Amino acid sequence: MSENKGPSVWEGFKAFLMRGNVVDLAVAVVIGAAFTNIVNAVVKGVINPLVGAIGTKNLDHYSSCLSSTCEGEQGIQILWGSVLGAALSFVITAAVVYFLMVLPMAKYLARAEARRKAKESTHEVIEVTELEVLKEIRDALVAQRGSGHDER
């Protein structure tokens, strides 16, 4: 019979699922799905009525006809209003993610890095000062031995 040389497939799968980045990714997907509903509500509740002030309230109704007759579902229609609505949703989502998540995190990481560098430079100054004090003590001991204190 063959010996079991490593973790089983099930143990490997459990380790994969419990890895931090997989759990973080799952949380991000769930939050992203909920966030999508908010963005869609903003687009339909705020952006579409603003656009509707100059035309129809629903961006999906904006279209262009490529054929000679476009009645109902007949003809070739380009629904550029739907594309515009999706583009607006994307821009709003990207702006919210950037301004509410990416930018604050970048500022936080920059402050943390500045604190770490300041702490390192302070630690370096302390180490240099301690080294200088130890050198002075050594020099004083050498001077004492050389001045005749060890006569017996």
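User: How accessible is Asp139, and does that make it buried or partly exposed?
Analyst: Asp139 is partly exposed, at 44% relative accessibility. Buried means under 20% relative accessible area, exposed over 50%, and partly exposed in between, using a 1.4 Å probe and protein chains only. This is a predicted model, where local features need pLDDT of at least 70, side-chain atom pairs count only at pLDDT 80 or more, and totals for chains, interfaces and linings use all residues. Residues are numbered from 1 along each chain as its sequence is written, and side-chain values use heavy atoms, with hydrogens and water left out.

User: What does Asp139 form a salt bridge with?
Analyst: Arg138, with the closest N and O atoms 3.2 Å apart. A salt bridge here is a side-chain nitrogen of Lys or Arg within 4 Å of a carboxyl oxygen of Asp or Glu. Arg138 is partly exposed too, at 47%.

User: How many salt bridges by this rule?
Analyst: The count is 2. Arg116 forms one with Glu113, the closest N and O atoms being 2.3 Å apart. Both residues lie in helix H3 (residues 80-146), 3 residues apart, about one turn of the helix. Helices are DSSP runs of H or I, at least four residues, numbered from the N terminus.

User: Other topic: which residues make up the largest nonpolar core?
Analyst: There are 8: Phe35, Val39, Val43, Ile47, Val51, Leu59, Tyr62 and Ile92. Helix H2 (residues 20-52) gives the most, 5 residues. Such a core is a set of buried Ala, Val, Leu, Ile, Met, Phe, Trp, Tyr and Cys residues joined through side-chain atoms within 4.5 Å.

Conventions. Helices (H or I, at least four residues) and strands (E, at least two) are DSSP runs, numbered from the N terminus.
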